[in-house]
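Open the model in your viewer and keep the sequence panel beside it. We will go from stop to stop, selecting a few residues each time and looking at what surrounds them.

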Amino acid sequence: MKRLLNIVYVSQSDVYLALNGKNLVLLKEGEELGKIPILNLEGICTFGHQGASPALMATCMEQNISLTFFSSSGRFRGRLTGAINGNVTLRKKQYEVSMDELESAAIARHMIVGKIYNAEQNLKRTIRDHALRVNTERLTQVVERLKQARKLAFSITSLEELRGIEGNAASAYFSVFDECILQQKEDFYYKGRSRRPPLDRVNALLSLAYSLLASETAAALEGVGLDAYVGFLHRDRPGRTSLALDIMEELRPVIAERFVLKLINRKQIQASDFIVKENGAVLLKDDARRSFFKLWQEAKQEQVTHPYLKEKIQWGLVPHVQALLLARFLRGDLDAYPPFLIR
Amino acid sequence: MMAYNEEQFLMLSGLQHFVFCRRQWALIHIEQVWEDNVLTVEGNTLHEKADDPFVREKRGDTIYVRALPIHSYTLGINGICDMVEFTKTTKGITLANEDGQFAVKPIEYKRGAPKKHDADIAQLVAQVLCLEEMLQTTIDEAALYYHETRRREIVEITEEWRDKVTAMIKEMHQYYERKYTPRVKTGKHCKSCSLQHICLPELLNKESVLAYIDRMTRE
Ligand code: SF4
């Protein structure tokens, strides 16, 4: 399998990124904050308004290191990618399929089946591990509803209906998401999704995790030669990485949501790590964001057995493998797209 | 015979991939996916050669030409010959600015050990076919030179090899036109294939995706 390399997260907004020889150099008011060999990098994520030198950008493009720009609150802004992976044939096939409702739905429904199934697994895990502390009856009911939704989704051939089923399943799942939070309950609760801006701590954490996952998934798709902007379930919208959002459907519960729950339940993050803005927006403080990135990067190193390949890989490679499997399906090596299904 | 135009030319050096595994060739030349160690390395060596074009050296009766660009319109391929030897003989071809007649012999340099590999031979035969077409001559033998032992192995250009290589190149063009990446028998050679992480050979004999989803989600 491909080697998992490091991603550098630059969370301070007054840092300038430059190149010195074969090193990425972080500069603050002309002072060197740190130096990292380019060779070990897979990507650079920057938050805020700092700049990057043209020389660094050129090197990133050459070496296929993605340079991603987020707003300081963690919203994806854009990404710099090089000209490698000129796989025109694959992309043509992708566009063809994306214009065909039936073929698009055949892929999208596996992603949704994966998403619902993985959500079920999250709830089941909570029931299994904490039966005495949680409202098992409520959780079991939702698991049952998700199961029905998943079975229904499996036979759907219209994207519209599929979105409907997905929407219902998501609201059922999130109606009990709060049950999965077992520690620090007075500070961390989930009452509903708020995005722009996130209005509570859990939403702030979820938003950041989704942002990172989306950009890593987009980079993975481009890495195998797919166009991250042309999706099957998510239709085209300027500037939106629709295909990354598609693949993310099945990955959200197992990568982003599990990660956030772990942070809270293991008390790796605390109430005091957040600030509340005048408009009610809840943001992670700089230090806390740094530890968030560190833990995220660590989580990516952990091993998982890929359920379809039956091969041990690092968690961080899961988006890459799914992108690869999608490409292999589009090129005719597989009978369908195999979603990532967690045990 | 049908002739290809330059737009349709395939890389002669791709033959070695094709002989190793048709799918590997298609992944590299049709899908244009590769891992660093395949094409970048190859690209680099090509670069070195390209920096040193048409070096002509004369020693006694022989003229040595290095890094000679070659092509064939009938086969629809092009590439570069490491070295071509033109040796004075009584019934050969004539060369511009040279007196007398010459026999032509391409020599391909190989890094590894002296083992006449099918891939090496195929590549050499393709070079011969290109040179024959370009120079309007016949070439009966060519050579592989192995760096490790500094030894030269003579390769006889048989009818059998000519047919085999011609057929292979035809097959390459067919895949290329259809943009088709063949599914192939996987095997031991996959272990030494630098593209195994992209090809995922195990996918070619994996359970169907529907069976997988069923297995995972059944209770
Ligand atoms: S992994 Fe095996 S089947 Fe795939 S390209 Fe390499 S040699 Fe061919």
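**Stop 1: a helix in chain A**

Start with helix H4 of chain A and color what covers its buried residues: the cover includes helix H3 (101-129) and helix H5 (159-175) of chain A, together with helix H8 (209-217) of chain B. Contact here means heavy atoms within 4.5 Å, and helices (H or I, at least four residues) and strands (E, at least two) are DSSP runs numbered from the N terminus. Before going further, note that this is a predicted model, in which local features need pLDDT of at least 70 and side-chain atom pairs count only at pLDDT 80 or more, while totals for chains, interfaces and linings use all residues. Residues are numbered from 1 along each chain as its sequence is written, chains are lettered from A and ligands numbered from 1 in the order in which they are written, and side-chain values use heavy atoms, with hydrogens and water left out.

Now select residues 136-153 of chain A, the 18 residues of H4(A): at 1.5 Å a residue they should span 26 Å, and the end C-alpha atoms are 25 Å apart, which agrees. The expected span is 1.5 Å times one less than the number of residues.

Show the side chains next. Which residues of H4(A) are buried? They are Leu139(A), Val142(A), Val143(A), Leu146(A), Lys147(A), Ala149(A), Arg150(A) and Ala153(A). They lie on the same side of H4(A), because they cover an arc of only 165 degrees around the axis, taken from the directions from the helix axis to the C-beta atoms. Turn to the other side of H4(A) and you find Glu137(A), Arg145(A) and Lys151(A) exposed. Buried means under 20% relative accessible area, exposed over 50%, and partly exposed in between (1.4 Å probe, protein chains only).

**Stop 2: a hairpin**

Select residues 23-28 and 31-37 of chain A: these are strands E3 and E4, which run antiparallel and are joined by six bridges. Two strands pair if DSSP finds at least two bridges between them. Pick Leu27(A), and its bridge partner in E4(A) is Glu32(A). Two residues separate the strands of this hairpin, and in the turn Glu29(A) has a positive phi of about 45 degrees.

**Stop 3: an open sheet**

Still in chain A, find the four strands in the order E1-E5-E6-E7, an open sheet with mixed pairing. Its edge strands are E1 (6-10) and E7 (76-80) of chain A, each pairing on one side only. Zoom in on E1(A) and E5(A) (residues 41-47), which run parallel with five bridges between them. There, Ile7(A) has Gly43(A) in E5(A) as its bridge partner.

**Stop 4: salt bridges**

Over all chains, the structure holds 27 salt bridges, each a side-chain nitrogen of Lys or Arg within 4 Å of a carboxyl oxygen of Asp or Glu. Select Glu57(B): it forms a salt bridge with Arg59(B), with the closest N and O atoms 3.1 Å apart, and Arg66(B) also meets Glu57(B) in a salt bridge (2.8 Å, N to O). Glu57(B) is partly exposed at 28% relative accessibility. Finish with Arg328(A), Arg331(A), Asp333(A), Arg23(B) and Glu31(B), linked in a network of salt bridges.
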